[in-house]
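Please look over the model below before reading my comments.

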Number of protein chains: 2
Amino acid sequence: MENKKIPYKIYLEESEMPKEWYNVRADMKNKPAPLLDPETLQPMTAEGLSPVFCEELIKQELDETTPYFEIPEEVRNFYKMYRPAPLIRAYCLEEKLQTPAKIYYKFEGNNTSGSHKLNSAIAQAYYAKKQGLKGVTTETGAGQWGTALSMACSYFGLDCKVYMVKCSYEQKPFRREVMRTYGASVTPSPSTETEVGKKILLEHPGTTGSLGCAISEAVEAAGNLEGYRYVLGSVMNQVLLHQTVIGLETQTALKKYGEKADIIIGCAGGGSNLGGLISPFMGEKLRGEADYRFIAVEPASCPSLTRGVYAYDYSDTGRICPLEKMYTLGSSFIPSASHAGGLRYHGMNSVLSQLYEDGLMEAVSVKQTEVFEAAQYFARIEGILPAPESAHAIRVAIDEALKCKETGEEKTIVFGLTGTGYFDMYAYQKFNDGQMGDYVPTDEELQASFAKLPKIN
Amino acid sequence: MENKKIPYKIYLEESEMPKEWYNVRADMKNKPAPLLDPETLQPMTAEGLSPVFCEELIKQELDETTPYFEIPEEVRNFYKMYRPAPLIRAYCLEEKLQTPAKIYYKFEGNNTSGSHKLNSAIAQAYYAKKQGLKGVTTETGAGQWGTALSMACSYFGLDCKVYMVKCSYEQKPFRREVMRTYGASVTPSPSTETEVGKKILLEHPGTTGSLGCAISEAVEAAGNLEGYRYVLGSVMNQVLLHQTVIGLETQTALKKYGEKADIIIGCAGGGSNLGGLISPFMGEKLRGEADYRFIAVEPASCPSLTRGVYAYDYSDTGRICPLEKMYTLGSSFIPSASHAGGLRYHGMNSVLSQLYEDGLMEAVSVKQTEVFEAAQYFARIEGILPAPESAHAIRVAIDEALKCKETGEEKTIVFGLTGTGYFDMYAYQKFNDGQMGDYVPTDEELQASFAKLPKIN
């Protein structure tokens with residue numbers, strides 16, 4: 001296979017698509033710390049989670065030993081509508097950079113939700129339907145997850161209630177219309193529809209909202225509605241599991257052409273894409289079969305890995321969800337409204353946090369304007385207009401390719417291009433007009449937030 | 001091959017992609033009527049066209065006998081960045097409709113321009129660059145063409161000036177930002193930058209613009225700038241030629257799986273997608289090798305084939321471009337501003353007009369609300385949120401599939417899904433809010449417009 005000419009885009013055959021998701025926890029020596037009940041501070045049981053989450057998803061959330069979970073046939077059929085996603089060889093970018101590095105990106109934007117979020121949305125909707133539920137509630141920040149879930153719910157005939165972070169709701173009215181087209185209801189968060197929303201509005205009048213706050217509202221709403229559960233698009237282990245379809249396809253595609261990655265790069269907010277992309281490769285590394293450098297890229301405005309602490313923290317602003325041990329900026333941290341796009345969650349998935357703590361993964365943070373420069377550069381060269389989130393990975397992939405140019409090393413760089421920026425043109429406009437700023441939290445801000453961490457660490 | 005399981009999405013290999021465009025005029029007995037010089041009313045010569053158009057494109061425009069034109073390697077390399085486009089088997093739609101028909105659609109929306117327009121944009125930019133030009137000017141209506149041309153010009157390092165129909169400019173600020181991200185300048189039309197724009201503004205103060213008017217402005221601007229030419233995204237034969245990459249890929253994909261289309265359906269504005277999709281199949285029909293039903297679908301608000309006349313007409317409002325013999329509503333016809341999306345040109349490409357005149361193709365018109373109903377239905381079932389233009393074809397494909405359900409016939413229906421609706425959410429919002437109306441021109445309006453046709457027919 002070594003000498004087979006590598007096409008611009010590698011599309012697997014349907015028959016080569018993964019039939020199982022991979023659970024990296026099964027290969028981890030140091031398992032992530034358990035979720036804690038916010039009232040008793042004891043490890044959460046399946047029973048304790050069942051009022052909020054779907055049963056099958058709870059099993060996936062808590063399972064640390066089963067390496068593979070079968071992808072249900074109904075989910076695989078839906079995957080076939082927009083997957084396999086192409087692994088693209090960035091020939092034009094390589095040429096422009098004059099780098100000896102080979103650059104590949106796994107592109108997850110070729111579906112109407114515009115991102116990888118659909119991979120987990122359809123799985124979660126499937127299990128909700130299987131459980132006989134009427135509907136689900138969720139939060140959305142930049143809007144990709146809400147859109148993905150709307151599509152998934154529409155497919156399985158479930159009702160879908162989305163709490164959308166207010167600043168995104170206002171900046172992205174068209175995201176809302178996509179969700180409505182798929183039949184979802186969309187409420188700006190914080191809202192007066194929930195107790196927790198009212199409380200937050202009282203304490204912070206005029207707030208533009210946060211993911212942590214929207215999560216609290218969605219969880220409360222699910223609890224108040226008969227036949228509803230809460231689902232979410234990142235942070236949780238179940239989501240990481242579903243997203244491994246990204247990494248598994250990437251692995252198969254590379255193998256097919258005799259390629260071996262040296263560096264694997266992903267943008268990191270809650271960790272859904274990063275975890276999904278790197279898990280199968282991390283498995284190889286954990287089992288001693290291969291070595292890779294993994295780089296998580298986060299925004300300088302919300303730097304949970306690079307400037308956070310590894311500690312138990314609340315996963316939502318209202319403090320009604322389980323506590324997670326994770327790299328966190330503190331659940332009271334809210335990134336500046338001037339930060340465009342997603343990647344604005346205060347913490348990082350617990351599996352990724354543990355891997356980072358164990359030195360198995362690196363992390364860097366990048367500033368917003370550098371990210372949009374990379375986005376524009378990439379768009380003009382590779383054609384695709386990336387989501388701001390994805391452009392974090394582009395930034396660092398370009399930086400690594402330029403290092404190879406310096407050293408002459410022919411490394412193979414793989415990064416995750418999570419989605420498209422078609423609903424982020426408000427942010428692009430700011431950049432085009434030279435009005436985009438860089439916000440970086442001060443040490444004092446972070447210390448103030450850390451001081452509010454729960455006293456159990 | 002007959003029994004090979006047909007996947008949801010058929011992707012050709014790079015090696016199976018077309019290396020030549022197909023010129024259907026070579027197989028037509030009745031050739032389309034020649035372009036006429038607007039001043040002398042004599043057939044346009046290559047020399048007469050050269051101040052406005054690129055040389056190679058003029059050759060392609062006028063050539064009625066050469067069946068195949070080589071696709072330059074540079075263009076094929078760019079095609080590889082976003083092509084081959086998938087031919088998708090609409091399994092979910094078939095299932096939902098409970099039809100015995102097999103439904104396929106060729107999806108051209110998997111690129112940042114969001115439509116098939118990029119196929120011709122990159123070819124035109126290539127020839128402009130090859131001729132040593134500095135830049136090009138153009139018009140855009142719904143915005144797909146302008147976006148595509150911006151991307152193509154950015155790739156080849158050409159300057160790009162876009163005149164955007166004012167009502168689209170205002171309803172679609174984000175389309176403008178995509179073009180700016182690719183380095184284009186965008187001016188709402190009619191503008192005060194050109195003489196023809198000023199004249200139109202004087203005659204019709206407060207007009208929201210039209211394609212015919214934006215064309216006039218772009219042509220004037222190209223003439224005033226050293227090293228610039230005018231390019232356009234539809235109506236012309238050269239565009240039809242480049243777009244045959246759609247039909248050629250579709251033909252190869254169907255053959256690969258032993259499938260034979262019975263009905264081929266495309267939406268029709270100026271004819272770029274429809275012509276590109278059907279040309280290779282029409283060639284088979286003209287040569288007596290196979291038979292197909294071809295259906296052009298146009299908006300009831302701009303029904304050039306179904307309610308227009310076959311006559312010489314001006315191709316632009318300012319009457320500075322060559323005259324074309326075509327099915328036309330008259331160059332003074334401007335569709336209602338309540339009509340969403342594209343497909344708002346007053347005439348139809350001359351090749352398609354001749355084929356329609358000769359009874360080789362059918363045409364139907366559909367109302368806007370029926371189109372958006374089909375769009376929403378399709379989005380929920382097949383996942384993809386279609387452009388309003390594309391949804392015209394969806395509407396009729398569904399109608400034909402339902403006829404098969406009545407009769408029990410197992411027909412194979414192929415339609416062109418030209419693009420995505422991500423920049424059309426303003427129109428979707430209107431539909432979601434139940435505020436979308438249907439506008440159909442009255443006979444009196446059309447007669448008034450026909451009365452202004454040039455007196456040479």
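The numbered points below start with conventions and then go through helix pairs and the chain interface.

1. This is a predicted model, in which local features need pLDDT of at least 70 and side-chain atom pairs count only at pLDDT 80 or more, while totals for chains, interfaces and linings use all residues. Residues are numbered from 1 along each chain as its sequence is written, chains are lettered from A and ligands numbered from 1 in the order in which they are written, and side-chain values use heavy atoms, with hydrogens and water left out.

2. In chain A, helix H5 (residues 118-130) packs on helix H6 (residues 144-156) at about 40°, the axes being 8 Å apart. Helices here are DSSP runs (H or I, at least four residues) numbered from the N terminus; axes are lines fitted to C-alpha atoms over the stretch in contact, with angles from 0 to 180 degrees between N-to-C directions. H5(A) is therefore oblique to H6(A) (under 35 degrees is roughly parallel, over 145 roughly antiparallel, 65 to 115 roughly perpendicular, the rest oblique).

3. Residues of H5(A) that meet H6(A) include Leu118(A), Ile122(A) and Tyr126(A), where contact means heavy atoms within 4.5 Å. By class, this contact of H5(A) with H6(A) has 13 nonpolar, 2 polar and 1 charged residues (Ala, Val, Leu, Ile, Met, Phe, Trp, Tyr, Cys and Pro count as nonpolar, Asp, Glu, Lys and Arg as charged, and the others, Gly among them, as polar).

4. H5(A) also packs against helix H3 (residues 73-82) of chain A, at about 150° and with axes 10 Å apart. H3(A) and H5(A) are therefore roughly antiparallel. Leu118(A), Ile122(A) and Tyr126(A) are among the H5(A) residues in this contact, and Phe78(A) and Tyr82(A) are among those from H3(A).

5. Between chains A and B, about 4,000 Å² is buried, 55% of it on carbon and sulfur atoms; buried area is the accessible area (1.4 Å probe) lost on putting two parts together, summed over both. In chain A, Phe174(A), Thr181(A) and Tyr422(A) lose the most area to chain B, together 17% of what that side buries. Each chain gives 42 residues to the contact.

6. Helix H8 (residues 173-181) of chain A and helix H17 (residues 425-432) of chain B have axes that come within 9 Å and cross at roughly 50°, and are therefore oblique. Phe174(A), Arg180(A) and Thr181(A) are among the H8(A) residues that meet H17(B).

7. The interface holds 2 salt bridges (a side-chain nitrogen of Lys or Arg within 4 Å of a carboxyl oxygen of Asp or Glu). Arg180(A) forms a salt bridge with Asp433(B), with the closest N and O atoms 2.8 Å apart.

Methods. Helix = DSSP H or I, 4+ residues; strand = E, 2+ residues; numbered from the N terminus.
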